Amino acid sequence: MTPLLLIPAHDERATIGAVVARARCHGHVLVVDDGSADGTGEAAGAAGAEVLRHGRRLGKAQALRTGIAAARSRGASHVVTLDGDGQHDPDDIPALLAAAAPRTIVVGGRLGDTAAVSPERLDAIRVAGFFASWASGLRVHDTQSGFRLYPLPLFDEVPTYRGGFVFETEILLAAAARGWVVREVPVRTLPRAASRSRFRPVADGVSIGAFVARRAVARFGSEAASGVAEVMGVFRGPRRRARHAAMLEAAAPYGGGPGWGLAIGAAAAQRVGACVNGWWHHPRARCAAAAATAALALPLVLPVLLAQGLAGRRLSDAVTVLIESVYAQERLYPLDSIEATSPTIGVDTLATRS
């Protein structure tokens, strides 16, 4: 493996030097200075990074694309991305590298260390992660983490079109749809930098939510189509003949007598009851019900999240209780039924909590 450490940065002079110095212990560091006006590029270069510059600010997604193209031209096999604001601990880079595998994206999950993430951002991440999980089958809690390991062949197979922070959700969902594995490993978040995050819970949250919503609706449509197909299958030839044969066998002892019709009716009712009971308790039905409940709650939750984004910690306690109860990913994929509920082949999780 030949990794390159990629740091997109905009106006991060105060922290970029320390991030670069610590990251250099683990490999070659490339900083893409996205139109900074505060000397970020100079500070990164002084700390030992290779620096590429955008003449004007193009956004995080384009900074990542610039760095990925540069990594390919330098012969790297993988890129490790981390933010320049100091919230990611470069000493966790070996944990991401250790989880590398063919056709695998590794995500550094921060939600095991919730004290280091602002409550309003944490709640927005949980809601986005819930619907990203429902839309794709992924069991990744921190879908907005920028601390990741990408194999470079991923970008030959999976095109991306979105900008800003949506890029990090888009690449996960698009990769999962093409059978790539996504693994999440726990990482630390440095609290001193959490307040400097450039993620905007309102503006960026709305953009990510709109992107994920379309795919979540598509998943609901897929589930509905599967349900209709299952119902119609009950009335198709092979299943209908097998059902009728079983009912006639159950009623055979009463043949020729008045109890025959009652026996047929009882056998039919028993089979209908078993079918309904099986459907009601099937993990797939439970997951769909959880997702539907979460979707129906959105008209209440979204205004609350917007208010929390503006008010910050003053609303956090009450909002967090609501989010944790309605948007816990365990409601989608119970730990005893992962295979039964995941529609995506090749999805894996090493660890999501410390």
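Biologist: Which strands and helices are among what covers the buried residues of helix 3?

Modeller: This is a predicted model, and in it the buried residues of helix 3 include Leu64, Ile68 and Ala71. An α-helix has 3.6 residues a turn, so residues three or four places apart point the same way. The cover over the buried residues of helix 3 includes strand 1, strand 2, strand 3, strand 4, helix 6 and helix 7.

Biologist: Thanks! How far does helix 3 reach from its first C-alpha to its last?

Modeller: Helix 3 runs over residues 60–73, which makes 14 residues. At 1.5 Å a residue, 20 Å is expected, and the helix comes close to that. Its reach is 20 Å.

Biologist: Is Cys287 buried or exposed?

Modeller: The cut-off for buried is under 20% relative accessible area. Cys287 has 2%, so it falls on that side of the cut-off. By contrast, Cys25 has 63% and counts as exposed. Cys287, then, is buried.

Biologist: And how many disulfides does a search of the whole structure find?

Modeller: A disulfide needs two cysteine sulfur atoms within 2.5 Å. The search through the whole structure for such pairs gives a count of 0.

Biologist: Stepping back, what share of the protein chain counts as buried?

Modeller: The chain holds 14 helices and 7 strands. Of its 354 residues, the share that counts as buried is 48%.

Key: Residues are numbered from 1 along each chain as its sequence is written. This is a predicted model: local features need pLDDT of at least 70, side-chain atom pairs count only at pLDDT 80 or more; totals for chains, interfaces and linings use all residues. Side-chain values use heavy atoms; hydrogens and water are left out. Buried means under 20% relative accessible area, exposed over 50%, partly exposed in between (1.4 Å probe, protein chains only). Helices (H or I, at least four residues) and strands (E, at least two) are DSSP runs, numbered from the N terminus. The expected span of a helix is 1.5 Å times one less than its number of residues. Contact means heavy atoms within 4.5 Å.
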